[in-house]
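Visitor: I have a structure to look through and would like to talk it over. Could you put it up so we can go through some surface and backbone details?

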Amino acid sequence: LLAIFLCFAACFVFVSCDDPPASDGDGETAGTAGDVTEDNQQGEIGNAGNENQSGGTEYIQISTAQQLLGIVNDADGKYTLTQNIDFDGRNIEPLFDEENPFEGEINGGGYSVSGFTMTGDAENIGLLGYVGDNGKITDVAFNDFRINVTVEEKKVQQDSAPSIPPSAAAGISPIQTNTNIGVVAGTVNGVLNNITATGEINIIARENVYIGGVAGVANGNIANCRSFVDISLERDTPAVPAMTAYVGGVVGRNDYMLSACDYSGAITTTNIKAYAGGIVGFANMDGLTMSRLYANAEISADYNSVIGGLVGALDALLVQSYSEGMLITYGYGMTAGGIAGIIGVATPDNTGAGACSFVSSADINNCYSLCVIDAREDSTPDDDESTDDFIPPSWASQPKNYFGGIVGSGNGIVANSM
């Protein structure tokens, strides 16, 4: 009897050890992203994923830098980070562009992506490059990154119509393009939520630029984002007089929803007409509302720029927000305000001249500022004498500066603010 019992127990243990692995519910084994190669940026991502807890959607697990780069092979995929990812100073290129946008999801799970560098020029510069309408990035920190780029002119010549003879087409002015720069992406049309960014963006610009610590241009829903990104922008040649920059600690230009975001850091623009703000450079939101914003920024600008503690140029409703820090202006023709540099402006034109016409769709309510405005007579924050060749716009020869504790200039409503 004892022998029979021991034999039965041994058989039971043997069978238990050989039980099949757990299935993900669809008959396939849950797994992680596949192996990747190290000889190029585009790694390979496996098809297996793990079932999330809320609805059976499969998320591909990402645990290495190469696997993260591999998402370029599936722009519609759903991904989740399983640990912190460090690029260890590796220089990378944007993963997606306007023709091939990222339309999937990345759930960071509270983990970080750190240590990457970007030096190559492109129309949309940032880790993801271009996030489409369905793209969604949540709960991830982008730490210790460096974007050091010289942005070249990318003007598009208007000679593509077959009816235009070459001789006539040669006399048509090219269309000025824009370069968009941000750590997550140059352009974001989808959702960013609970994003943190720390690092540096250093740009030499030779055409119009939109620069944000998180996104260059945002046409989607941006919420709960924190930026600790120092931004430096310089125009290095007087051969491109018609240029404009839009620089924000979080977003360069925001065209849709933005709330509960904050910024701490320094923004410096040199020898370029700039609209710069602690949160947004230019808020063009057609009556939509931005709320619960905070910035502690040191913003320095010259060349007839417009700067604000929270927003450079505001065409939106701004409520329940405040700012502190310092706004430093150099020379004349400057506009600065503790909350917004200028309010009630229509979309600046794309010629780079920075022309704006006033409208009355801006409203600041229940905001306050502790910003200090430091107006200096020096023409530029750059001590390099080679910049003396820059010629400011003709209207700037009139020594007029517009400064205000809340707003520098504009046409809008300010209420319950101080």
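Visitor: Which residues form a nonpolar patch on the surface here?
Guide: Bearing in mind that this is a predicted model, the nonpolar surface patch consists of Tyr322, Tyr368, Leu370 and Met418, and together these residues have about 440 Å² of accessible area.

Visitor: Where is Tyr368 placed?
Guide: Tyr368 belongs to strand S30, which covers residues 368-369, and the residue is partly exposed because its relative accessible area of 34% falls in between the 20% limit for buried and the 50% limit for exposed.

Visitor: What about charge, then: which residues form a negative surface patch?
Guide: That negative patch is made up of Asp97, Glu98, Glu99 and Glu123.

Visitor: And Glu99, is that one buried or exposed?
Guide: Glu99 has a relative accessible area of 78%, so it is exposed, and its place in the chain is the loop that runs between strand S4 (85-86) and strand S5 (105-107).

Visitor: Since you mention strand S4, is Ile85 buried or exposed?
Guide: Ile85, which lies in strand S4, has a relative accessibility of 1% and therefore counts as buried. In C-alpha to C-alpha terms, Ile85 is 9.4 Å from Gln66 in space, while the two residues are 19 apart in sequence.

Visitor: Switching to the backbone, what is the phi of Asn194?
Guide: The phi of Asn194 is near 60°, which is a positive value in a residue other than glycine. Asn194 is in strand S13, residues 191-205, and with a relative accessible area of 38% it is partly exposed.

Visitor: And what phi does Asn271 have?
Guide: Asn271 also is not a glycine, and it has a positive phi of about 60°. Its place is the loop between strand S20 (262-270) and strand S21 (273-277), and because its relative accessibility is 3%, Asn271 counts as buried.

Visitor: Last topic, cysteines: how many disulfides are there?
Guide: The count comes to zero disulfides, where the rule asks for a pair of cysteine sulfur atoms within 2.5 Å.

Visitor: Are Cys367 and Cys371 buried or exposed?
Guide: Cys367 counts as buried because its relative accessibility is 2%; for Cys371 the value is 17%, and this residue counts as buried as well, since the cut-off for buried is under 20%.

Definitions and conventions
Residues numbered from 1 in each chain as written. Predicted model: local features only at pLDDT ≥ 70, side-chain atom pairs only at ≥ 80, totals over all residues. Heavy atoms only, no water. Patch = residues over 30% accessible without salt bridge, like charges linked within 9 Å, V, L, I, M, F, W, Y side chains within 5 Å. Areas by Shrake-Rupley, 256 points an atom, 1.4 Å probe, with all protein chains shown as cover. Salt bridge = Lys/Arg side-chain N within 4 Å of Asp/Glu carboxyl O. Lys, Arg positive; Asp, Glu negative; His and termini not counted. Charge placed at Lys NZ, Arg CZ, Asp CG, Glu CD. Helix = DSSP H or I, 4+ residues; strand = E, 2+ residues; numbered from the N terminus. Buried < 20%, exposed > 50% of the residue type's maximum accessible area, 1.4 Å probe, protein only.
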